[in-house]
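Here is a short note for a colleague opening this entry for the first time. Please read it with the structure on screen.

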Amino acid sequence: MKTYTLTIICLICSLVQAQYQFTLPDHFRTQRNLPLIDMPTVIMVNLAEFGGLPNDGKDDGPAIIKALNFCKKVSKNGTGSKLIFSKGTYDLFSNDNKSHLIELRDANQILIEGNGAEIIIHDPLKGFLSVFKSKNIIVKDLFIDYDPLPFTQGKIVAVDLKNRSFDLEIDNGFPTLDHDMFQQATRVWGMVMDRDTPGKLKDGAPNLYASKEFEELSPRVFRIKINALPLLKHLEVGDPYVHLARTNGRPIFMSQVSKNITYLNITNYSSPGGSYGAHSMEEWNIIGCKLQLKEGRIHSANADCVHANGGPFGPWIENCLFEGYSDDAINLKSTKRHIIKQMSSTRLVVKYHTVKGDILRIYNPREGKFLGTYEVVENKYLGNNRMQITLDKPLEEKLRVGETKKDDIAYLDSQSNESFVIRNNTFRNARRYGILLQSAYGVIERNVFKNLSQCAISMNNGVDWGEGFISHDIKIDRNIFDNCGYDSTYFTDYNAAAVRLRVTKLKNPEAKGKWSGVATADWQGLENISITNNTFLYNKRALSIECSVNTVVRGNQFIRNSKDLSEDHEILLEDNNTNLVFEN
């Protein structure tokens, strides 16, 4: 009987795999596997047997945790298990977990079968599921929403420039600004929205109105204090408006230090942070998923749809929809290591784990100076998160060492989210970028980018944020860029474009405050970028290419958007490039 069951399961796996025509790009430095979208499972675990019953209004979190713990025990014997939800609504209330209501650690070979069940989260400051040090996990066929929502929306009913405030009448069914989350969340701010297109920002307006200063004037009418007069001048009575309670690090799903993790056919409508977060991941996938605007809403998630700090592999994202979000749709970064001590020309002490074979790229952010590529040939743990490493060749430069963004920093090119695939997705009606790329060896193809308030794709290092490094070996092919770039920041940036390439350095390294600003570096660090066979319906500029080597632009179609608000426009801004091939 067991042999017969396994045969049937394997046949089903083959049929499911055949539904997706996954193909591997041919230019990756490190080949990855095709996405894991099914697996053989012998033990079927019904959530109802652990007390998780749909539609009863009770907290189903404890039942889900008990059921997953049982699946973990089963998997220790090498047997795959399937946790099965019945169709219906499941409620999750708050618990003692710090960031996510459900945590899955040290697990293997578990398929969570949602069967179209709906998860309603009643804590607007926490995410749904955190996966840590696990492998071969599939989560599929779930709908996820919040009650109360981690944002509110309404219409502006008055603007007072003299007293630097505006009045917001909140729509029925949305939380009011006296809810605790609007004080407890780490980032509380709003956006003025388009009157006709849900999720889209207002043309020409700023993209952020930060405030925690609210005064209730009457039921569902609040006065919001905004000290910056230039921001208020863009507001008009009747404008739709969103104010959100954002808490970073709390996406719907967080995946860390894991391998072969797949989110399949998941739909979520909101989030206190992003939707899919990741750190130090291998072979992880987001397939057929949606971040979708629900009927009557003009906003969805409060942060990046996909935010991935460095890992050996980047995500495979295919056949997905991302709309109405309030930050970048996809943000891929490389890992950094602060250099604590320079012992010799070949020996450094760095903060955090670094292993033999890691490839380091060392950068001086003050001068925008690249200090070389090195391989780690020896490593020794010193305790207190310190690692002594030996380089494969001498580094003659005298380094400025320390733990700030102003010191020389080592970026791990071998932990740069490489071998990523972003294919056949739609990004639309949202704030800021489609993709912020600080990664390597990836493909972005056959996607649609529409009504995004800034660049559809921006490749630039994050020196002032203290984040990721320079992209290289990227293919951008057969995408559509439609009306990307229309907020006030886009129109004031000298190099704004639907697709932008730039290497930056700190503009004022001696600044005493938090921010130093950025300036364009002389180093031509962006290498081997191809932009081919795309269609641009652009505002202001289709392409801005700076600081690159071996960039190829060929076979594209360029059409200025008929609604472009910019006074000056052009197809290409280019500066400080070597071997730039541009064929119009």
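Predicted model: local features only at pLDDT ≥ 70, side-chain atom pairs only at ≥ 80, totals over all residues.

1. Start with K66. This lysine sits in helix 2, which covers residues 61–75. Its relative accessibility is 51%, so K66 counts as exposed; the cut-off for exposed is over 50%.

2. Look next at K66 and G52. They are 14 residues apart along the chain, and 9.7 Å separates their C-alpha atoms.

3. Now turn to K126. This residue lies in a loop, with strand 5 (108–121) on one side and strand 6 (127–132) on the other. K126 is buried, yet it has no salt bridge. D123 is the nearest side chain of opposite charge, at 4.0 Å.

4. What lies 2.6 Å from a polar atom of the K126 side chain? It is the backbone oxygen of N97.

5. Leaving aside residues within four places in sequence, its contacts include S94, N95, D96, N97, K98, S99 and L101. Also among them are I121, Y146, R250 and P272.

6. Strand 6 deserves a look of its own. Of its 6 residues, 6 are buried, so the strand is largely enclosed by the rest of the structure.

7. Which way do strand 4 and strand 6 run? They run parallel, joined by 5 bridges, and strand 4 spans residues 100–105.

Terms used: Residues numbered from 1 in each chain as written. Heavy atoms only, no water. Helix = DSSP H or I, 4+ residues; strand = E, 2+ residues; numbered from the N terminus. Buried < 20%, exposed > 50% of the residue type's maximum accessible area, 1.4 Å probe, protein only. Lys, Arg positive; Asp, Glu negative; His and termini not counted. Polar contact = N/O pair within 3.5 Å; in protein donor to acceptor, adjacent residues only side chain to side chain. Contact = heavy atoms within 4.5 Å. Pairing = 2+ DSSP bridges.
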